[in-house]
Amino acid sequence: MSQHGRSGYRPFFLCPISLEIMEDPVTVATGVSYDRRSISRWLADHDTCPVTNQRLTDLTLTPNATLLRLIRSWSTTTTIAAFVSFPEISEILRDLRDRSVHSDGKLRALKKIKTLLLRGADAGGCVDTLLSMEEAGVTSLVASLLICEPSSYLEITDELNVLIDEAAVTLHLLKPSSETLKVVSERNEGELIASLASLLQRGSYQGRVGAALLLSSIFEVVGEELKSRLPSDVIEAVVEVLKDQNASRRTTMALLTVLLEVLPRGDNRCKAVETGLVDVMVELLVEDGAVDKRKCEVMLAVLENMCRTAEGRAELVAHPAGLAAVAARLVGVSSEVTEWAVRVLVLVCRNCGGDAVAEELMQVGGVTRLFAMVQMDGDRMTKMMAKKILAMHMKKWSKSPCFPSYCFP
């Protein structure tokens with residue numbers, strides 16, 4: 001098949017949401033195909049087809065086996081020879097490797113990378129271009145720009161900051177393979193991770209977005225040892241960005257994903273408590289926890305992780321809106337949100353089962369919502385956890401004038 005013929009197929013291979021080649025194409029009820037990962041994320045917060053805007057009464061995702069075969073055939077028959085021979089790749093490698101080339105030259109090299117990626121996309125070979133870049137060593141060299149010392153080739157700190165910002169964005173666009181990302185991230189005891197954490201705090205808006213997305217990808221592939229001995233300043237940087245009212249949803253979700261990966265390891269939960277993460281999660285829940293279902297679910301999952309420590313539970317109970325924010329998510333958002341909210345309350349009630357906690361849960365409507373939960377259709381295990389919470393304080397709650405008049409099932 002000619003290159004022209006292959007490029008003719010390509011528009012049908014792109015997911016309408018991510019605008020990337022579909023890895024697992026599925027079709028929704030309207031007949032439009034999407035990549036499974038992208039449409040699943042969309043349907044977590046919407047009930048419409050993104051292309052047609054029609055409401056989906058049937059949310060079934062049907063695998064599109066025919067389209068998958070076409071994509072695989074196109075991918076295997078498209079050679080990377082044309083892209084490997086780009087003369088610009090040699091120039092990029094030279095400029096990135098040469099320590100005598102200053103910031104302006106390296107910035108030009110990064111811009112050339114973006115140009116090649118766009119050219120590859122226009123020619124129907126974006127995947128091929130990415131492979132060529134990685135095989136030539138461009139990806140690894142761009143990663144090295146994020147951790148190089150100013151004294152190595154730069155004298156002006158502002159220039160270094162601009163270069164590192166651009167390198168973070170470019171490295172994300174290069175979409176390193178899991179193998180390459182793991183190697184560059186674990187090199188020299190994770191110095192790339194430390195540099196990205198620093199970029200989160202002082203970088204430009206685009207630089208912070210790039211750093212957040214890279215960290216999310218990195219912690220999916222790095223080893224357990226690196227996650228377990230994570231420096232405190234990495235968690236501090238993540239929490240600082242989450243505090244930022246102007247952080248985009250994409251950045252926030254990426255960093256919440258990072259936390260879910262690292263919190264269960266080592267003493268990261270204790271480190272996170274010290275940074276004020278519990279307060280940040282509560283405040284985010286109060287602000288928009290009922291609007292964004294997926295975001296609410298992940299925030300409660302992070303909070304549940306924190307409540308697995310005595311310090312985390314104490315912080316939640318001490319926050320004026322802590323129990324109220326969790327109790328408010330028991331019903332009316334999604335089944336996943338309900339499950340995580342119940343898990344948090346189980347940990348608190350089981351380990352902080354004093355009268356003050358019981359009284360506050362009654363005052364903020366938590367008991368009423370728990371009773372409503374166990375009488376509605378829902379996950380059996382979640383309802384069992386809710387009943388356990390009710391059983392813990394039934395004697396005290398039943399004496400309250402606010403106690404629901406209907407009977408416990």
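Ground rules first. Residues are numbered from 1 along each chain as its sequence is written, and side-chain values use heavy atoms, with hydrogens and water left out. Because the model is predicted, local features need pLDDT of at least 70 and side-chain atom pairs count only at pLDDT 80 or more, while totals for chains, interfaces and linings use all residues.

Now the overall picture. The chain has 26 helices and 3 strands. Helices (H or I, at least four residues) and strands (E, at least two) are DSSP runs, numbered from the N terminus. Of the 409 residues, 48% are buried. Buried means under 20% relative accessible area, exposed means over 50%, and partly exposed is in between (1.4 Å probe, protein chains only). The accessible surface is about 19,600 Å², and carbon and sulfur atoms hold 52% of it. That area comes from the Shrake-Rupley method with a 1.4 Å probe. Next, contacts, meaning heavy atoms within 4.5 Å. Take those between residues at least 6 apart in sequence: 68% join residues at least 24 apart.

On to helix α2, residues 36-43. Its buried residues include S38, I39 and L43. They span an arc of only 125° around the axis, so they sit on the same side of α2. The arc is that of the directions from the helix axis to the C-beta atoms. R37 and R41, on the other side of α2, are exposed. What covers the buried side? The cover includes β1 (25-27) and β2 (33-35).

Helix α20, residues 310-318, can be read in a similar way. Here G312, R313 and L316 are buried. Their arc is only 100°, which puts them on the same side of α20. An α-helix has 3.6 residues a turn, so residues three or four places apart point the same way. The buried residues of α20 pack against α17 (268-274), α18 (277-288), α19 (293-306), α21 (322-327) and α22 (335-351).

Look at the loop between α19 and α20. T309 is found there. Buried or exposed? T309 is buried, at a relative accessible area of 10%. Setting aside neighbours within four places in sequence, T309 contacts R269 and V273.

The structure holds 1 cavity of 30 Å³ or more. On a 1 Å grid over the protein atoms alone, a cavity is a set of points where a 1.4 Å probe fits but cannot get out; a pocket is an open set with protein on both sides within 12 Å along at least five of seven lines; lining residues have an atom within 4 Å of a point. Y205, R208, V209, V241, D244, N246, A247, S248 and T251 line it. Helix α13 (residues 205-221) gives the largest share, 3 residues.

Pick out T251, in helix α16 (residues 249-262). T251 counts as buried, at 4% relative accessibility. Beyond neighbours within four places in sequence, T251 touches V209, A212 and V241. T251 and A212 are 39 residues apart along the chain, yet their C-alpha atoms are separated by 5.8 Å.

Last, the second largest pocket, with a volume of about 190 Å³. Its lining has 14 residues, and S335, T338, M376, D377 and G378 lie nearest the centre. α22 and α25 (380-392) each supply at least two lining residues.

Methods
Grid points are joined across faces, edges and corners, and a volume is the space filled by probe spheres set on the points.
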